[in-house]
Amino acid sequence: MARENMLAALKRVERNGGAPGVDGIPTERLRDQIRAEWPRIREELLAGTYRPKPVRRVEIPKPGGGKRMLGIPTVMDRLIQQALLQVLTPIFEPQFSEASYGFRPGRKAHDAVKKARQYVEEGYEWAVDLDIEKYFDRVNHDILMARVARKVADKRVLTLIRRYLQAGVMVNGVVMETAEGTPQGGPLSPLLANILLDDLDKELEKRGHKFVRYADDCNIYVKSKRAGERVLARSALDLSVKGG
């Protein structure tokens, strides 16, 4: 990873702050850790032998009730993920749908709301809410990695991403393996989610739907209740991310 990229990643991680991971090292001590450990970690990254630490499981309340499970990586792993994100984003970003607004450069939730309002003003007053919230808990790692490998050929990068997916979760001091799902909480998670759901976006576009997706919230806008029921019925039968 280029020095300039790592410096930019370091500044971003420090700016974002956040709680420490399983090693207890806070963001404020990241530079000390880099000075002490980076030569070894860099060699492991270049050799393809680096092993991320498990994420720390935390629960946060959701606005609509219930809880969302997050996995907090160590600050060192956040740094490496952020550097990966900065390299991968320009590769994948151009392919993403115009209807996708979540966690993308230059886009925000307000833009998604504005687009939804536009559809309503054009007469698409009924919305079909696609429930994809739990999808990320059941993601097949092989399928996700196949999506990434469409545009990334470097085997070291692919191996590193897979190891982040399989790094495990520490709960009450016990490390639990993660055989499926994508950990939500690290810098790389939103990009992996958008890569995964890009096939869904493309399928909705192919069907000519008016829709807006923000992360795992996706609404299809139609002009009548009957049209909505048809879309909902068809979605229940066959609308899914292919292979997912």
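Tutor: Let's begin with N219, which sits in strand β7; strands here are DSSP runs of E with at least two residues, helices are runs of H or I with at least four, and both are numbered from the N terminus. This is a predicted model, where local features need pLDDT of at least 70, side-chain atom pairs count only at pLDDT 80 or more, and totals for chains, interfaces and linings use all residues. Residues are numbered from 1 along each chain as its sequence is written, and side-chain values use heavy atoms, with hydrogens and water left out.

Student: Why is N219 called partly exposed?

Tutor: Its relative accessibility is 24%. Buried means under 20% relative accessible area and exposed means over 50%, with partly exposed in between (1.4 Å probe, protein chains only). So N219 counts as partly exposed, at 24%.

Student: What does N219 touch, not counting residues up to four places away in sequence?

Tutor: V128, D129, K210, F211 and V212, where contact means heavy atoms within 4.5 Å. N219 and V128 are 91 residues apart in sequence, yet their C-alpha atoms are 5.4 Å apart. V212 stands opposite N219.

Student: How do you know that β6 and β7 pair?

Tutor: Two strands pair if DSSP finds at least two bridges between them. β6 and β7 (residues 217-222) have five bridges, in the antiparallel sense, so by that definition they pair.

Student: What makes β3 and β6 edge strands?

Tutor: The open sheet has three strands in the order β3-β7-β6, with antiparallel pairing. β3 (126-131) and β6 (210-214) each have a single partner strand, so one side of each lacks a neighbour in the sheet. From one strand to the next, the twist averages 20°; angles run from 0 to 180 degrees between N-to-C directions, and axes are lines fitted to C-alpha atoms, for helices over the stretch in contact.

Student: Which helix touches β3, β6 and β7?

Tutor: Helix α7 (residues 189-206) packs on the sheet and touches those strands, its direction making about 170° with that of β6. As for α4, it lies across β6 and β7, at about 165° to β6.

Student: Why is S100 called buried?

Tutor: S100 has 1% relative accessibility, so it falls under the cut-off and counts as buried. S100 lies in the loop between α3 (75-92) and α4 (109-121). Not counting residues up to four places away in sequence, S100 touches R107, N194, D201 and R213.
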